[in-house]
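Thanks for asking me to take a look at this one. My notes are below, as numbered points you can check against the model.

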Amino acid sequence: MAVLNIVMVEPRIPQNTGNVARTCAATGARLHLVGPMGFTIDDKKLKRAGLDYWHFLDITYYENLEEFFSKNSGPFYYFSTKAPQRYTDIAYPDGAYLVFGREDRGLPESLLFQNQANCVRLPMRGQARSLNLSNSVAVGVYEALRQWDFPDLENKGRLREYEWKDEGTDHE
């Protein structure tokens, strides 16, 4: 079973973290929350955004980046508006860690500079500051999963009252 790790460094907005938690629960990605966070983990807004998916989560908490890096060995891919290459230019291996910074200032520039080969960005218009953090995470997660052909995920939906015809699609 392929493993994808999502890392949120010092998240500030509980709703974003709740949305990311829901994405992780729906895809089987592991969630790593690196403090200090701008809210408490029992925050009502966090739980509401994650809805009833919390019991599906594989989640680990860290005091700070130093503790996170001491307990994990990567490979790490740093998502940033400051990055020199596109997120689609990378072939994400099994066990990859997609690392996202806090909403108001992103990841530390020193970390990005030291890891330039693994820094990626989502292309956008120059006048736009950034995308919403939870949207950026979802884009990164689904790119890695697309490259892996969506392992362990249902690729065909179901109707409540009808049966889909089996047209011999490539993605069953």
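1. Before the helices, a word on terms: axes are lines fitted to C-alpha atoms, for helices over the stretch in contact, and angles run from 0 to 180 degrees between N-to-C directions. Please also keep in mind that this is a predicted model.

2. How do α1 and α5 cross? Helix α1 (residues 14-27) and helix α5 (residues 133-147) have axes that come within 8 Å and cross at roughly 20°. Angles under 35 degrees count as roughly parallel, so α1 is roughly parallel to α5. The crossing of α1 and α5 is right-handed.

3. Now for the residues behind that contact. From α1 come N16, N19, V20, T23 and T27, and α5 supplies L133, S134, V137, A138, V141, Y142 and L145. Sorted by type, the residues in the contact of α1 with α5 are 7 nonpolar and 5 polar, with no charged ones.

4. The aromatic side chains are worth a look too. The structure holds 10 aromatic pairs. In the pair of F68 and Y97, the ring centres are 5.8 Å apart and the planes stand at 75°, so this pair is edge-to-face. The pair links distant parts of the chain, with F68 in helix α3 (residues 65-71) and Y97 in strand β6 (residues 97-100), 29 residues apart.

5. Are F68 and Y97 buried or exposed? Both F68 and Y97 are buried. They also belong to one aromatic cluster, formed by Y62, F68, F69, F76, Y78 and Y97.

6. R160 has a relative accessible area of 87%, and over 50% counts as exposed, so R160 is exposed. C-alpha to C-alpha, R160 and Y97 are 37 Å apart in space, and they are 63 residues apart in sequence.

7. Two peptide bonds deserve a check by eye. G35 and P36 are joined by a cis peptide bond with omega of about 0°, and P36 sits in the loop between β2 (30-34) and α2 (44-50). G74 and P75 are joined by a cis peptide bond as well, with omega of about 15°; P75 is in the loop between α3 and β4 (76-79).

8. F150 has phi near 50° and is found in the segment after α5. With a relative accessible area of 24%, F150 is partly exposed.

Terms used
Residues are numbered from 1 along each chain as its sequence is written. This is a predicted model: local features need pLDDT of at least 70, side-chain atom pairs count only at pLDDT 80 or more; totals for chains, interfaces and linings use all residues. Side-chain values use heavy atoms; hydrogens and water are left out. Rings of Phe, Tyr and Trp (its six-membered ring) pair if their centres lie within 6.5 Å; planes under 30 degrees apart count as stacked, over 60 as edge-to-face and the rest as tilted. Helices (H or I, at least four residues) and strands (E, at least two) are DSSP runs, numbered from the N terminus. Buried means under 20% relative accessible area, exposed over 50%, partly exposed in between (1.4 Å probe, protein chains only). Angles under 35 degrees count as roughly parallel, over 145 as roughly antiparallel, 65 to 115 as roughly perpendicular and the rest as oblique. A crossing is left-handed if the near helix is turned anticlockwise from the far one by less than a right angle, and right-handed if clockwise. Contact means heavy atoms within 4.5 Å. Ala, Val, Leu, Ile, Met, Phe, Trp, Tyr, Cys and Pro count as nonpolar, Asp, Glu, Lys and Arg as charged, and the others, Gly among them, as polar.
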